[in-house]
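Please keep the sequence and the model open while reading.

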Amino acid sequence: MPENYRVDSRQTGSRRTTRLLLRQPTAADVAFVTRLFARPELVAHRPDPSPDTARQSTERLLRDIDHWREHGFGRWAIEVDGVPVGFGGVTVSKDFRGLNLSYHLHPESWGHGYATEVVRAALAFAFEDLHAERVIGLVRTANAASRRVLEKCGFLFEGQVTLHGAPTNLFALERRRETTGTSGR
């Protein structure tokens, strides 16, 4: 059963990191989403590695926009210097305990550390703003780069699950508990 998260999107609609603008997606992003998910290297790790059609990309974007409408947060459109490079953030998971972290970056933006920057921003948002207890990341076994990003950000491998009919590695990060107490002085 998914946890109930709801925040005011006026407070979460956009964020800045050192190099990235993370903003709420809009219908105007459809051309970029269509180009992004048409890239064979982006979809190579899916059970069906066929690039998305324009209709599938539109439906994907509409699901992201609906998630924002329903929960007040979701995956951000990611921009560098005003140019879209991907989508990423946390969403409510219907299948697993915790918020689901995901990101998709245009292949031309790989290798610049943007994935790590997005993941760290999403974790800060999840734990500080949403007070989430747990964030998960689902990574196909062959996607070593995404696994490294999650591990660099503190995620631990929990086991293998089946997602969309294919084996997938589940990584998780639990909220750190602050310990309070008195010293023995």
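Helices (H or I, at least four residues) and strands (E, at least two) are DSSP runs, numbered from the N terminus. The model is predicted, so local features need pLDDT of at least 70 and side-chain atom pairs count only at pLDDT 80 or more, while totals for chains, interfaces and linings use all residues. Residues are numbered from 1 along each chain as its sequence is written, and side-chain values use heavy atoms, with hydrogens and water left out.

**Strand β5 and its partners**

- Strand β5 covers residues 99-105, and six of its seven residues are buried, so the strand is largely enclosed by the rest of the structure. Buried means under 20% relative accessible area, exposed means over 50%, and partly exposed lies in between (1.4 Å probe, protein chains only).
- Strand β4 (residues 83-92) pairs with β5 in the antiparallel sense over seven bridges; two strands pair if DSSP finds at least two bridges between them.
- Within this pairing, G89 has S102 of β5 as its bridge partner.
- A hairpin is formed by β4 and β5, with six residues between them. G98, in the turn, has a positive phi of about 110°.
- Strand β6 (residues 134-139) pairs with β5 in the parallel sense over three bridges, and L99 stands opposite V135 in β6.
- From β5 the chain passes through helix α5 (residues 114-129) to β6, a β-α-β crossover that is right-handed. Right-handed means that, with the strands pointing away from the viewer, the path from the first strand over the helix to the second runs clockwise.

- Most residues other than glycine have a negative phi.
- D81, in the loop between β3 (75-80) and β4, has a positive phi near 50°. D81 counts as exposed, at 77% relative accessibility.
- H131, in the loop between α5 and β6, has a positive phi near 55°. H131 is partly exposed, with a relative accessible area of 49%.

**N169 in strand β8**

- N169 lies in strand β8 (residues 166-174) and is buried, with a relative accessible area of 5%.
- The side chain of N169 makes a polar contact with the side chain of T141 at 3.4 Å. A polar contact is a pair of N or O atoms within 3.5 Å; within protein, one must be able to donate a hydrogen and the other to accept it, and residues adjacent in sequence count only if both atoms are side-chain atoms.
- Leaving aside residues up to four places away in sequence, N169 touches G137, L138, V139, R140, T141, R147, F157, G159 and Q160, where contact means heavy atoms within 4.5 Å.
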